[in-house]
Amino acid sequence: MSGAAAFTATEGLLVPPGQGRIMQTPAQHVTFKVTGAHSRVASTFEVVVPPGFDVGAHVHTRSEELFYVLEGELDVLAFEPRIRTHDHWQGWESASGNRVVRATPGTVIVVPPGCPHAFANPTDTPAKMFFQASPPPDHERYFEELLEILDGSGPPDHAAIQELRARYDIEQLTPLRHR
């Protein structure tokens, strides 16, 4: 990991601001901060979410995730809706009345296994979030392969994304979108 101090059994890991392995496409900018090589518990990323990006609603059977909004605003979902529509998740509502919320800096979202979730940046400015996925390293590999797919010009290859997500315990409920 570029810019990070060496990691040993007797020393922790220090990743200075702006450091870590960076993966960037027109759709996302991901900085790997802590990987499975450094933690048995979780992989940690800093993610810049560009205007117009929508990860699409999805669910994991094994993974737990945590999102912390650092900058900007994101629309977020973290509940089972009464009715799953297949095109857009933004209008979903839970049986208890929960709806999609606009997350601002300082907002934390925790997603247990089996809970549908999504985030999108509906604004005209980038948003930044701290993202943690447990257990490692599935999300690391997933990000690497997803960013390769999204790096091409034109609309995303939804068939390739669907196959990728199936391999990494991700059931896609609504489409991934980006400008």
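These questions and answers walk through a predicted model, from its helices to its loops.

Student: How many residues does helix α1 have, and what distance does it reach from its first C-alpha to its last?
Tutor: Helix α1 runs over residues 138-150. At 1.5 Å a residue, the expected span is 18 Å, and the helix comes close to that. The count is 13 residues, and the reach is 18 Å.

Student: Within what arc do the buried residues of α1 fall, seen down its axis?
Tutor: The buried residues of α1 are His139, Glu140, Tyr142, Phe143, Leu146, Leu147 and Leu150. An α-helix has 3.6 residues a turn, so residues three or four places apart point the same way. In α1 the buried residues line one face of the helix, because they fall within an arc of 160 degrees.

Student: What covers the buried residues of α1?
Tutor: Look for both strands and a helix here. The cover includes the strands β1 (21-24), β2 (29-34), β3 (43-49), β5 (64-71) and β10 (127-134). It also includes the helix α2 (158-167).

Student: Is Leucine 147 buried or exposed?
Tutor: Leucine 147 lies in helix α1. Buried means under 20% relative accessible area. Leucine 147 has a relative accessible area of 3%, so it is buried.

Student: Which residues does leucine 147 touch, not counting residues up to four places away in sequence?
Tutor: Start with a distance along the chain. Leucine 147 and histidine 29 are 118 residues apart along the chain, yet their C-alpha atoms are separated by 8.8 Å. With residues up to four places away left out, leucine 147 touches Met23, Thr25, Gln28 and Val30.

Student: Which element gives the largest share of the largest nonpolar core?
Tutor: The largest nonpolar core has 40 residues. Val47, Val49, Phe53 and Phe119 have the most contacts inside it. The largest share of this core is five residues, and it comes from α1.

Student: What arc do the buried residues of α2 cover?
Tutor: In α2, Ile161, Leu164 and Arg165 are buried. They sit on the same side of α2, because around the axis they cover an arc of only 95 degrees.

Student: At the start of α2, which backbone nitrogen does a side-chain oxygen of aspartate 157 reach to?
Tutor: The oxygen comes to within 3.2 Å of the nitrogen. That backbone nitrogen belongs to alanine 159.

Student: What is the phi of aspartate 169?
Tutor: Aspartate 169 is in the loop between α2 and β11. It counts as buried, because its relative accessibility is 12%. Most residues other than glycine have a negative phi. Aspartate 169 has a positive value, near 60 degrees.

Student: Where is proline 137, and what is the omega of the bond that joins it to proline 136?
Tutor: Most peptide bonds are trans. The bond from serine 134 to proline 135 is cis, with omega near 0 degrees. Proline 136 and proline 137 are also joined by a cis peptide bond. Proline 137 is in the loop between β10 and α1, and omega is about -5 degrees.

Technical notes: Residues are numbered from 1 along each chain as its sequence is written. This is a predicted model: local features need pLDDT of at least 70, side-chain atom pairs count only at pLDDT 80 or more; totals for chains, interfaces and linings use all residues. Side-chain values use heavy atoms; hydrogens and water are left out. Helices (H or I, at least four residues) and strands (E, at least two) are DSSP runs, numbered from the N terminus. The expected span of a helix is 1.5 Å times one less than its number of residues. Buried means under 20% relative accessible area, exposed over 50%, partly exposed in between (1.4 Å probe, protein chains only). The arc is that of the directions from the helix axis to the C-beta atoms. Contact means heavy atoms within 4.5 Å. A nonpolar core is a set of buried Ala, Val, Leu, Ile, Met, Phe, Trp, Tyr and Cys residues joined through side-chain atoms within 4.5 Å. A polar contact is a pair of N or O atoms within 3.5 Å; within protein, one must be able to donate a hydrogen and the other to accept it, and residues adjacent in sequence count only if both atoms are side-chain atoms.
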